[in-house]
Each structure stands twice: as C-alpha cells, then as structure tokens.
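Reader: I'm new to this. Could you walk me through the structure?

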Amino acid sequence: MTKLENYITGDWITGDGEGQLLYNAVTGDPLAAATTRGLDFKSITEYARTVGNPALRKMTFHARGNMLKALAIHLRNHLDKFYAISYQTGATKADSWVDIEGGIGNLFANASLRRKFPDDIICIDGESHNLSRNNTFMGTHILVPKEGVAIHINAFNFPVWGMLEKIAVNLLAGMPCIVKPATVTSYLTEAVVKEIIASGILPEGALQLICGSAGDLLDHVTSQDVVTFTGSASTGLLLKSNPHLLRESVPFNMEADSLNCIVMGEDVVPGMPEWDILVKEIRKEMTLKAGQRCTGIRRIFVPENKLEEVWKAISASLSQIVIGNPLNEKVRMGSLAGQSQREEVKAQVQKLLAASQLIYGSLDSVEVIDADASKGAFLSPVLLLNATPWAITEGYSTNASHEVEAFGPVSTIMPYKNVDEAIALSKLGKGSLCSTIVTADYKQAREYVAGAASHHGRILVLNNECAKESTGHGSPLPLLVHGGPGRAGGGEEMGGIRGVKHYLQRTALQGSPTTLTAITNVYQPHAAGKDPGKHPFKKYFDELQIGDQLITEKRVITSEDIDRFADLSGDHFYAHIKTTDFTGTMFEQQVAHGYFIMSIAAGLFVDSYEKNPVLLNYGIDELRFTKPVYPGAEIHIRFTCKEKLPNDKRIVEKPEDFKRGDDIEKGIVKWLVEMIDDTNEVTGVATILTMVERKA
Ligand code: NAP
C-alpha cells in the first residue's frame, strides 16, 4: 500500500512500519497508509525555527502578503486534481468547494490584509502616548513575529481549508508552521502541500507536513512557539494540559466541538419569507459536508406553539435530499469521512436519544444512489425532537441535547416560551462557535444578541433582507473572528488583523519621539523634522524620507474669508455667522469653519503649478479641530512625511480592464498636517494621503 509522505526538514519522507490504513469514504476501498514512525520531531521543530523562521522574519508584511497571493493563484491552477481527491473523502462538489476554494479564498483574503500593515518587519500597534511634559519621552506598542514555529493540529472535516485558514495567518505574521492534519483525510492535505512545495513560492522551512500520529511533537515546543488545535474537546483538553506546554507558557488556541443553535424568532409564522429561510438554513447546515462542520446547527429552538409545524417542514425538506456517490451530480449529501466517524455519530445519537425521540431519518438504513450503503460511510440525516429541554438527563449536568455533539447530519428541535427562555437555552451549550436567530423583528434581534452574545463566538441575524447574500450560519470568514467561549474551546482565530496578532509579540516601546520614529519608520508627534532639500511634492516615493518636513508661509484668517467660505460651501452654521449673539455658546465670536482651515492648509502646503511626482490626493485618514480659529488669527502649517506604503501595480489581464494610471509604479504617502496659530498652538491636525510616483 502506498504510504503518504511527510514533508520535513526539506525532504519528502515516509515513516516506518505499515502505518494506519486510509479508505475511500464512498467505496470503502483502501487508498493509502499514513505513518510518522521514526520521524525525529525535535529536529522538525528546530528546522522550522532555524531555517523557516529567519527567512520569513526578514520579509516585510507586504512581501509575505504577496507571497500568499502568489500561492493562492498557483493553487487555483490545480483545482481539478484537488476536487478529484476530495470526492474520496465523501464530499460533494459543494462541500469540496467550501474546503478547497474556501481555503484558497482565505489565502487571498489574508494576502489583501497586508495593506493593513506597513511594508516593514516591525508594525506599530495602536496609538502612541506622550509620557512627558516637554514632549521628549513617549511610548507606543510594536509587533514583531515570534521566533518559534506555529504547530497546527487539525480536524478531519476540512483537510484543505483547515490547513490554509491557519497557515495564511502565521505566514503573513512571519512565522513558519508544522501542519498535522487529522490522519483519516490527510491524503488530501498531502496533495495540496505537494503543490505548495513544488511551487517554490514559500521559503524553505516555512511549511512542514506530518501525515499520521503527532508522536512526541508537543514535548519539543518552546515559549516562542504557538500551538493551535481544532478537534474534539476531549483531545483538546489532553493536549492543552501537556506539562511541557504549560511549563513553557506556550499559547494554545483551541477550537473544539460546540452545540451551536438556531433560534426561530417569535414573530416568524408560515407565509413569511423568514419561515422558509429558517427551514432552508437548517437543511443546508444538516447536510452540507454531511453535517461534519464544527459550526453545524445541533440545536433548533422554536416557539412552542409552532413546534410541530416547524419539524414537519424541516422533515419534508430533508426528504428531498439525494444521498449517495458525490460524483453523481444529483447527489446533495455525500458520506461521512469514514466508517469510524459513522460509528461515532451513531453512538452519540444513542446518547441524545436519552432525552429525545427520532422524528426523521434512521440510524440503520439509508437510501443512496450510485454507491453501496454497506461499504461507504453513509448516514441518513437525523432529526430529533426534545419536548423538555430543561429536564436533567440522568448522567448529565443539564440535558443531553445541550451536552452531546453528534458530528454528522444530526440536529435536535426543542420548544421555547419567550425570548428570555430562548437566550437561556442557547447558553446551556456552555459556549458555542455560532448562533443564528431568524427574525424580521429588529427589537427581538437586539434582545437576543444582547442577551446571548456572551456565550457565542459569532451571531448571525438572518432575515429576508440579507438571506440571499448571507454567507450562512456555518461559514467562518477570514475577516471575522472564528472561535467561541467555554465548550467551543475559548479560542479565537482569523478575524482579519486580530488573527495575525496571535503570532506576533506585542512589546511596549519607550523613548524619545525622534528615536521611536527611527525605529518604527512612522513619524511620531514632536520628533525632529528633516529638511527635505526641496518641496516634498517634488520628490519621488523612493526619495521621500520619514520626517521630511515643510514649514509653510503664514496666512491671516479674516471675517470675509469665513463669510465667503460659508457662502461657497453653504455651511451657515450659527457659529460661522458674525451677527450671531455668542452669549451661552462655546465660542467668543465668529469662528472659522474647520474645513476652511483644512482647505487653506492645502493652499499653503501645495506649492506647484507644474506636474510633479504626486499623482493625486487620496483622502484624509484623521482630522481633528482642536482649537477655535477666530478672525485675525495667523495660521501656518507644519507638514511632515509620516509613513510610506507601497502600492502594488494592478495586474490587468484584459486590455479592456486597463485604467488610466495602471502602468505607473506608485505608493501611498501619509502626511501629518498640523495647523498652527500665532500663539504656536495646534488648532487642527490631519493625516492626509497622497499617491506618489516611484522613480523609474
Ligand atoms: P479529534 O479526534 O479530537 O482529532 C483532532 C486532531 O487531534 C487530529 O489531527 C488528531 O490526529 C489529533 N490528535 C488526537 N489525539 C492526539 C494526541 N494525543 N496528540 C496529538 N494530536 C492528537 O477530532 P476529529 O475527530 O478530527 O474532529 C472532529 C471534532 O472536531 C468534532 O468534535 C468537531 O466539533 C471538532 N471540530 C471543531 C472545529 C472548530 O473550529 N471548532 C472544526 C472542526 C472540527 P489523528 O487524526 O491522527 O488522531
């Protein structure tokens, strides 16, 4: 039997011994064997730290983001191969799409996130703080990649997405990784890693793969490493209490099983679009990936007077699902990932039956097309009814429906009396990855969200306004946090830049403004300015230096200026009108519009009628008016180059998509604009952005 290969210390290596046999989930035929016996896990972790980590650390966030983009584009060219293997895991085309293209989409999303970071190896986190009376001492926070390795131990249900959603983040942060997929579907992960390695896009040591047992891997972690785990709560508990991991204070992110729920709002009645939306969502969540989704709907809460009508509607909807060989286009639900997974689900349903009764489906038989139900890991969808969700089940602290997860196409419907009770029932799951409420009533939606959010990592409010475009109850998204409190593991991953920060060390940095400017490459208030030598707008992107500073001419603000600006803009707010009686107002007399001062600022710092490397004004990031400006005040501008962000050249594939300027190499420059009056006080401050050409 072919053995899967492990990619470690720069080579594809097979482990010793016969290994664990892996089967085609649909036909039951053996596919390959997986073994990691004989691998030296200590040297695998050291290789990542000493080879992969330094290579990634010296790349900037932008370089790493572009690397992810290249990888995503590369993997997109091999979809047919991945889909063909994915069918063997029991996944339909729709299931595989979520796993494969969802995973690649995650790479793209994280690649785009680079724009939220500087083109640098150090990143500032949050605001700076002045810590001194004379402005010579300040503090800020910086982020740098940890010097270890990210170890990802994944569940079997998403062999591609499960890997890509995690490695996208650690690679953007600048940390290498070791991926250990669940063994049963690791043949698909292996196929994807083979393409990744063959592409040569990642630096050596950035990614290693283990197909099979994790051996003593966790005994070799150090304090600079990060471990992430996705799987069952019991395995998670075992791993997170590893004494070595605890001794070294290794961050451990856990995404475990959870009893996610959907609530039908009290307002929803037959005939409303929300009624059908609810039924459709439940059917989708029960059958997509044959219910093997950590976010799957396990509990359905329905107003008690509609219970029977709802379960009948769900059952009717489930009866339309064609089960069988995922290669057959009619099939809407494939098999579970393997026979042991099917046996596990059946055993869990038996436990659930202690508190509920089976109202749809069967544990013993299932009708399939194009497949042999006795050989493939097929199971019919199973809907259970629990009429007494508050009753304590013997052997449980609450009710079995709130404690037992059947990781398959299984869900339990339960009644509730009012919103408060729905909230309380949702919390009996003791922490979940996500909860959905289907309602067209905003008040009820707010009540549910405010009451239940503490116990759910994500809440979807589903109604007719968003249902068509909704990404659905079960889909974690790269820009939103995935994870949940309590039973769901207490972890948090993805969530845009929030996720990247898990792999970065945050360090408080103190010193003088000029020193901190030099270290962070971001101009800090009160740092010394530099003589730019010529007007900074005459400099190309690459010539500009952080701190290049222009002190402009002065301009006296007159009452006529303010009148004219009021007429021109139409802004006749009482404070800008000289005849206003100012008694009891915040102002002493007619005050200049803040936007007028900002406009004259541009008039003062823009110097040239000739073409120059500044291509366009890109906008304003922050604008604050800090002191009123009255007629007679003399304003000048301190204009300082604050930060530079390269802008990638847009890749234009078709000539008709070409936009003016696409052929110009350029970057974004942020400028600090300080509007200063004759008492030397700052009356307003802004960060403006310009697009500046790069030197050919
Ligand atoms: P599992 O049995 O807990 O296994 C998860 C991972 O842990 C697998 O890679 C497994 O490897 C590994 N593992 C098991 N024992 C280990 C040990 N002693 N040392 C190191 N690694 C070990 O879970 P599963 O059956 O794969 O997945 C199903 C469960 O995962 C469900 O309960 C589901 O709710 C949960 N899940 C949660 C999420 C989430 O995001 N929260 C996502 C997906 C799944 P082997 O395969 O080699 O045993």
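Reader: Is Phe301 buried or exposed, and why?

Author: First, a heads-up: this is a predicted model, where local features need pLDDT of at least 70, side-chain atom pairs count only at pLDDT 80 or more, and totals for chains, interfaces and linings use all residues. Residues are numbered from 1 along each chain as its sequence is written, and side-chain values use heavy atoms, leaving out hydrogens and water. The cut-offs, with a 1.4 Å probe and protein chains only, are under 20% relative accessible area for buried, over 50% for exposed, and partly exposed in between. Because its relative accessibility is 0%, Phe301 counts as buried.

Reader: Which strand is Phe301 in?

Author: Strands here are DSSP runs (E, at least two residues), numbered from the N terminus. The run covering residues 299-303 holds Phe301, and that's strand β14.

Reader: Which residues is Phe301 in contact with, leaving aside neighbours within four places in sequence?

Author: Contact means heavy atoms within 4.5 Å. With those neighbours left aside, Phe301 is in contact with Cys261, Ile262, Val263, Met264, His402, Met414, Tyr416, Leu425 and Ser426.

Reader: How far apart are the C-alpha atoms of Phe301 and Asn463?

Author: Along the chain, Phe301 and Asn463 sit 162 residues apart.

Reader: What separates the centres of domain 2 and domain 3?

Author: Domain bounds come from an automatic or database domain assignment. Domain 2 covers 260-479 and domain 3 covers 523-693. Taken over C-alpha atoms, the separation of their centres is 55 Å.

Methods
Helices (H or I, at least four residues) and strands (E, at least two) are DSSP runs, numbered from the N terminus.
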